[in-house]
Amino acid sequence: MAATFDVELRTVTKHFGSFTAVKDVSLGIRQGEFFSLLGPSGCGKTTNLRMIAGFELPTSGSILLGGKDVSQLPPFKRNVNTVFQNYALFPHLSVSDNVAFGLEMKGIDKAEIAKRVKETLEMVRLPDSGKKKPNQLSGGQRQRIALARAIVNRPQVLLLDEPLGALDLKLRKAMQLELKELQRQLAITFVFVTHDQEEALVMSDRIGVMDHGVLRQVGTPAAIYDRPADRFVADFIGDTNFLPCRVVDHRNGTAHVQVAGLTMSASSDQTLTDNSSAYLAIRPEKVQLYGPDTPHNPNEERFAGVIVETVFMGTDTRYVVELAEDIQIVVRQQNRNIASTRFALGQTVDVGWETVFARVLVS
Amino acid sequence: MTQRRKALLAFLLGPGAGWLLLFFLLPGALVIVYSILTRKDGGGVEWIVDFSSYVKLFSPTDGAVINDFMVIFARSLWWAALTSFVCLLIGYPLAYFIALQPAHVRSTYLFLVLIPFWTNFLVRTYAWKFILNNNGLLNTLLQDWGFERIAIINTPTAVLIGLVYGSLPFMVLPLYASIEKLDFDLVEAAQDLGANYLSVFRRIILPLTAPGIGAGIVLVFIPVTGQYIVPTILGGGKVAMLGNLLAQQFGPALNWPFGSAISVIFMVLLMAAVVFYLRSENRDGEAGL
C-alpha cells in the first residue's frame, strides 16, 4: 500500500527537562515535496528535523517514514540523510571517502561506489575535488560536498538544517536556485529548516511556520503570505500593517471591523467574537494610493488620509498615511511611471485595497 | 635583529637552554662517554677507552643465543607495552566519559584523576603492597567473602597492577585532551550515513583521537621501561626490569661502564620509537586536521 505521506508527524511532543521544544505537532509531507520548516531560532524547527533524523526521540507522539513508524529507531536504521548546518564533513577523510561513507556502510561493492561518487561529485559540480581534504575547500565547496555525501545515498527523505546559513548572500542566492533544481532532478523529498523567510518563500512547495514549539500554519508560500493564519505568521513573514480594531459582525469567514470609527471589511480563518478587539492586517504592497477624483473599483474599500512620510526606495516608494489620529498605515507603491511618484508629503489621498487581502487576526 | 631583541631572546631562552644543557645534554653525554670507558674497582671509571661493555651486552651466554640482559630488555619492553595497552583499555572509556560531562563537572573529574600525585609514588606503591600482601586487604576480603586466598604479591601480576596504577593518569590526560576536541556532530553525521555504534567508533572517533592515543602511549611506555620502584616493591626483586638491572650495575656490581652501555642502548631504542611516532603524527597532521 502506498503511503499517503513520505514523512508524517503525529501529535509529536518533545521535552528537554522542563523545556518544551516541540508541542503537539502533526504534519504530513508528500513524496517529492520541497517542504520548509520556518521560524525564529528556538522555535523547535531543528528539533523537529532531528527527530525525523533520529538524533532525538519524541517524548510522545510518533514519526512515520513512508508510512512506517520509525519513532524509536536509531539514525543509522532510517532511510533519511541530513545536510548539517556546519557540514560536519569528516576531516580525516578525503572528499571521495566522505561521499563514499554512506555507501560503504551499506556494503555496496567498490566499483559501484566509485561510479556513484564520481557521478555525484559531477552533479554538485566539483568533479575534480575527490582527492582533496575538507579543509582544502572553500565554504561553498564544503556545502556542496555535504550535499553530495547525503544525496549519493538516494535517501527517501533529505533533511537540510539551515545548510545555506554560513554562506555569503550572493552564494546563498545561487545555491538556493541550485538546490531547488537538484531537488527537481532527484525527485527526493526535501525537508528544509530555515529562519530566513525569503529563502523559504523562494524555494518551498509548502512551508510550515513554527513558533515556540507550535506549528502555526502549513501552506504554500502564496497561501501563507496572502492568508496568514495568525498574527505571528503575518508578522514573521513579510511586512504587515496591524491596525487595532473591534469586530462588529462576522459571517462565513468575512467580518466587519471598526478601526477608529472607520468600518472595514476583512476575511478571517480564526474564531471571532462580536465586539471583541482584534487586529486588521494588510500588507503595504496590497494598498493602493489614489489622488482625488479617481474612479472607484467595486472590489475595493477606500479611506481618506494624509501622507505623513515618504521614503524613496528605488524600485518602490514607501508612504506612511494617517487615516485617523494614531492610525497610520504603511503603503508601498511601485515606481512604475512618473504618475507613481506624484504623491507628496502632506497631500490628502485615498488608500484602497481589495478586501480579500485584509485579514482579521485575534491572536 | 636588533641588539635589544637579541638580549631579550637570550633572557627568555637562557634559563630553559641552561636547564636542558645542565640536566639533560651533559648527563646524557656523560653516560655515553662512561659506556666506552673501563670499569674501576669500587665504582667509577678508569679513563681508558674500552668497548667491552657493549661486547658483553650483546654476547650470548653459554649455550643460549639470548643472554640474560636481553631477556630483561625484552621483558621491560613487553611490560611497558602491556602496561600501555591496559592503561589504554581502562583510560579510553574513562577519558571519553569525562569529556562527555558538562564543563563544570569535567574539571572535578580531572582533579580526581590528578589527586594521587599529591602523595609520593613510593608511599603509594607501599600502599599497594599492603593491599596485595598475602595477609593484606585483598586476601582478607577474599577470605571474608568465602574465597580462596591468592598469592599475588611478588608476581608479575602485582607488578603489572602497580605499573598500570602509576601510569593511568598519563594515559587519561592526553586522551581526554583529544576526545574533548572531537566534534560530536561528526558522530551524528556518521550515524546519519548508516554507521552503527561500532563503525562510528572505528571509522570516526578512533582515527580522530589517534593523536591522544599516541601521546598517551609515549607518556606511559617510556617511563615504565625504566621503572624501578614498582618491580622492587611489588615484584620483590624477583621480576627484574631495566631499572633494577641499572640499579644493580651502578650499585652492588659497581660496573658503571656496563650500566652506562645499557642506558645508551635503551636511549637509542626509545628515541627511534619516538621519532617513528612523531613522523607518523606529522604525516597525519599534514593530511588531516
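This briefing describes the chain architecture, sheets, cores and contacts of the structure above.

The model is predicted: local features need pLDDT of at least 70 and side-chain atom pairs count only at pLDDT 80 or more, whereas totals for chains, interfaces and linings use all residues. Residues are numbered from 1 along each chain as its sequence is written, and chains are lettered from A and ligands numbered from 1 in the order in which they are written. Chain A carries eight helices and 20 strands, where helices (H or I, at least four residues) and strands (E, at least two) are DSSP runs numbered from the N terminus.

**Overall layout of chain A**

- Along the principal axes, the C-alpha atoms of chain A fill a box of roughly 75 × 45 × 40 Å.
- Of its 363 residues, 40% count as buried; a residue is buried if 20 or more other C-beta atoms lie within 10 Å of its own, exposed if 12 or fewer, and partly exposed in between, with C-beta atoms placed from the backbone.
- Among the contacts in chain A with a separation of 6 or more, 65% join residues 24 or more positions apart; two residues are in contact if their C-beta atoms, placed from the backbone, lie within 7 Å.

**Domains of chain A**

- Chain A is divided into domain 1 (7-232) and domain 2 (239-361), with bounds that come from an automatic or database domain assignment.
- The centres of the two domains, taken over C-alpha atoms, are separated by 39 Å.
- Six residues of domain 1 of chain A are in contact with seven residues of domain 2 of chain A.
- The domain 1 side of this contact has two nonpolar, no polar and four charged residues; Ala, Val, Leu, Ile, Met, Phe, Trp, Tyr, Cys and Pro count as nonpolar, Asp, Glu, Lys and Arg as charged, and the others, Gly among them, as polar.

**Contact between chains A and B**

- Chain A contributes 19 residues to the contact and chain B contributes 17 residues.
- On the side of chain A, strand E6 (80-83) and helix H2 (95-105) are the elements that give two or more residues.
- H2(A) gives the most to that side, with three residues.
- By class, the side of chain A that touches chain B has eleven nonpolar, six polar and two charged residues.

**Helix H2 of chain A**

- The buried residues in H2(A) include A:Val95, A:Asn98, A:Val99 and A:Phe101.
- Their cover includes E6, helix H3 (110-123) and helix H4 (139-151) of chain A.
- After H2(A) comes A:Gly107, whose phi is positive, near 75°.

**Six-stranded sheet**

- An open sheet of chain A has six strands in the order E6-E7-E8-E3-E9-E10, with mixed pairing; two strands pair if DSSP finds at least two bridges between them.
- E6 and strand E10 (214-219) of chain A stand at the edges with a single partner strand each, so one side of each is left without a neighbour in the sheet.
- Neighbouring strands of this sheet are turned by 20° against each other on average, direction ignored.
- H4(A) packs on the sheet, touching E6 and strand E7 (157-161) of chain A, and its direction makes about 175° with that of E6(A); axes are lines fitted to C-alpha atoms, for helices over the stretch in contact, and angles run from 0 to 180 degrees between N-to-C directions.
- Strand E9 (residues 206-211) of chain A pairs with E10(A) in the antiparallel sense over five bridges, and A:Ile207 has A:Gly219 in E10(A) as its bridge partner.

- A second open sheet, of five strands, has the order E15-E19-E16-E17-E18 (chain A) with antiparallel pairing.
- Its edge strands are strand E15 (288-290) and strand E18 (327-334) of chain A.
- Five of the six residues of strand E14 (residues 277-282) of chain A are buried, so this strand is largely enclosed by the rest of the structure.
- Strand E11 (residues 241-251) of chain A pairs with E14(A) in the antiparallel sense over six bridges.
- Three bridges join E14(A) to the antiparallel strand E20 (residues 359-361) of chain A, where A:Leu280 has A:Val360 as its bridge partner.

**Nonpolar cores**

- The largest nonpolar core has 102 residues, and those with the most contacts inside it include A:Ile52, A:Val257, A:Leu280 and A:Val360; such a core is a set of buried Ala, Val, Leu, Ile, Met, Phe, Trp, Tyr and Cys residues joined through C-beta atoms within 7 Å.
- H4(A) gives the most to this core, with six residues.
- Both domain 1 (7-232) and domain 2 (239-361) of chain A give residues to this core, so it lies between them.
- A second, separate core of 39 residues includes B:Trp79, B:Val159, B:Leu163 and B:Leu168.
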